[in-house]
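Dear colleague,

Please find below the structure that I am handing over to you. My notes on what was found in it follow directly after.

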Amino acid sequence: MCRTDNSYHMVNSTSTVWDTALISHALQRARVSTTHPAIMRAGTYLLNRQQTVMGDWSKHNDSAIAGGWGFSDSNTMNPDVDDSTAALRAIHRLAAHDNRFQEAYDKGFHWVLSMQNDDGGWSAFEKNTNKAFLNWLPYDGADAALTDPSTADLSGRALEYLGSMAKLTIKHPFIQKAVNWLKENQEEDGSWYGKWGICYIYGTWAAVTGMKAVGVEARDPALVKATKWLMTIQNSDGGWGESCSSDKVKRYVHLHASTPSQTAWALDALIASSPAPTDTINRGIECLIALLHKKDQYAKYPTGAGLPGQFYIRYHSYNSIWPLITLSHYREKITC
């Protein structure tokens with residue numbers, strides 16, 4: 001809890017592990033050396049936050065060895081797949097030169113693999129906890145709080161890590177199964193619903209970049225449909241923006257303004273799907289750079305999701321993390 005000018009503000013939970021992993025990865029994508037003190041200190045922090053106890057997740061996954069990461073600094077026994085793949089991205093290059101990081105990396109890698117659901121996707125905290133009858137309980141947001149089914153954003157993010165870092169592809173049956181799950185759960189308009197970010201832009205970005213990372217061709221109908229959808233919702237200024245209302249009504253709701261993180265997500269998906277920068281991408285990049293210098297209300301717009309219609313998250317680092325990653329990918333694309 002902290003005091004503001006005229007009130008108190010309660011933070012649901014700290015996001016220290018998540019922020020540290022994402023920032024370290026973003027800096028490394030921007031070619032900061034793994035020997036830089038900031039990267040080394042972040043890696044040591046993450047090493048100390050790896051969870052080695054059997055938490056609730058083990059009830060449906062009792063044969064796995066603990067090795068995941070959680071969201072908060074104080075979280076010691078509730079790991080989740082998204083934080084774990086984020087941490088693995090951050091220590092991937094460190095593991096090549098230090099056995100401590102290699103051991104932690106191996107444990108985390110196998111834990112993430114063990115958490116794949118039977119349907120092929122990944123969820124956040126639990127494995128195979130998708131019993132639909134729980135959603136019938138008279139509880140607002142029951143579908144978001146009482147079950148933990150596979151989601152497009154978690155599945156896509158897991159695939160992006162497994163493809164880009166672990167070099168796994170659709171030639172591996174369990175990877176193909178995950179891709180199949182994503183294709184089966186694509187919306188009619190070509191988007192995907194993302195549970196932990198806002199919302200359809202977030203889910204579509206995760207699904208597209210994940211499938212591309214494991215070898216799905218850009219001409220695949222699912223990716224073609226997704227990129228066409230992203231281009232149809234581009235704002236006149238070249239950016240992208242989506243309202244928090246989307247996750248409540250379960251359809252895309254236009255924000256009528258562009259935000260840095262959502263513009264970065266949409267661009268990153270288009271960059272991944274295109275052999276070279278297009279006019280749409282170039283316009284988006286120009287907008288993204290301009291947004292980095294803006295301090296209007298939309299720079300503070302929440303793009304992280306907690307519970308639909310109940311609470312949302314403004315990650316203060318998002319306006320730097322995702323643009324930096326996207327600009328790094330754009331630089332690679334135009335120089336390759």
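Lys 167 is found in the loop between H6 and H7, where helices (H or I, at least four residues) and strands (E, at least two) are DSSP runs numbered from the N terminus. The phi of Lys 167 is near 60 degrees, a positive value in a residue other than glycine. A further loop, between helix H7 (173–184) and H8, holds Cys 199. The peptide bond that leads from Ile 198 to Cys 199 is cis, and its omega is near -20 degrees.

The model is predicted, so to speak of local features a pLDDT of at least 70 is needed and side-chain atom pairs count only at pLDDT 80 or more, whereas totals for chains, interfaces and linings use all residues. Residues are numbered from 1 along each chain as its sequence is written, and side-chain values use heavy atoms, with hydrogens and water left out.

**The hairpin**

Strand E3 (residues 304–307) and strand E4 (residues 311–313) run antiparallel and are joined by three bridges; two strands pair if DSSP finds at least two bridges between them. Gly 304 has Ile 313 in E4 as its bridge partner. The two strands form a hairpin with three residues between them, and Gly 309 in the turn has a positive phi of about 75 degrees.

The largest pocket holds about 1000 Å³ of space. Its lining has 42 residues, of which Asn 12, Ser 13, Phe 71, Trp 196 and Ile 313 are the closest to its centre. A pocket is here an open set of points on a 1 Å grid over the protein atoms alone, with protein on both sides within 12 Å along at least five of seven lines, at points where a 1.4 Å probe fits; lining residues have an atom within 4 Å of a point. Grid points are joined across faces, edges and corners, and a volume is the space filled by probe spheres set on the points.

At least two residues of the lining of the largest pocket come from each of helix H1 (16–29), helix H3 (81–95), helix H5 (142–145), E3 and E4. By type, this lining divides into 22 nonpolar, eleven polar and nine charged residues. Ala, Val, Leu, Ile, Met, Phe, Trp, Tyr, Cys and Pro count as nonpolar, Asp, Glu, Lys and Arg as charged, and the others, Gly among them, as polar.

The second largest pocket holds about 610 Å³ of space. It is lined by 23 residues, and the closest to its centre are Arg 29, Glu 160, Ser 164, His 329 and Glu 332. Two or more lining residues are given by each of H1, H3, helix H6 (152–164), helix H8 (200–213), helix H11 (260–273) and helix H13 (318–335). H13 gives the most to this lining, with five residues. The lining of the second largest pocket divides into seven nonpolar, six polar and ten charged residues.

**Helix packing**

H11 and H13 pack at an angle of about 25 degrees, with their axes 8 Å apart. H11 is therefore roughly parallel to H13. Axes are lines fitted to C-alpha atoms, for helices over the stretch in contact, and angles run from 0 to 180 degrees between N-to-C directions. Angles under 35 degrees count as roughly parallel, over 145 as roughly antiparallel, 65 to 115 as roughly perpendicular and the rest as oblique.

H1 and H3 also have axes 8 Å apart and pack at about 40 degrees, and they are therefore oblique to each other.

Yours sincerely
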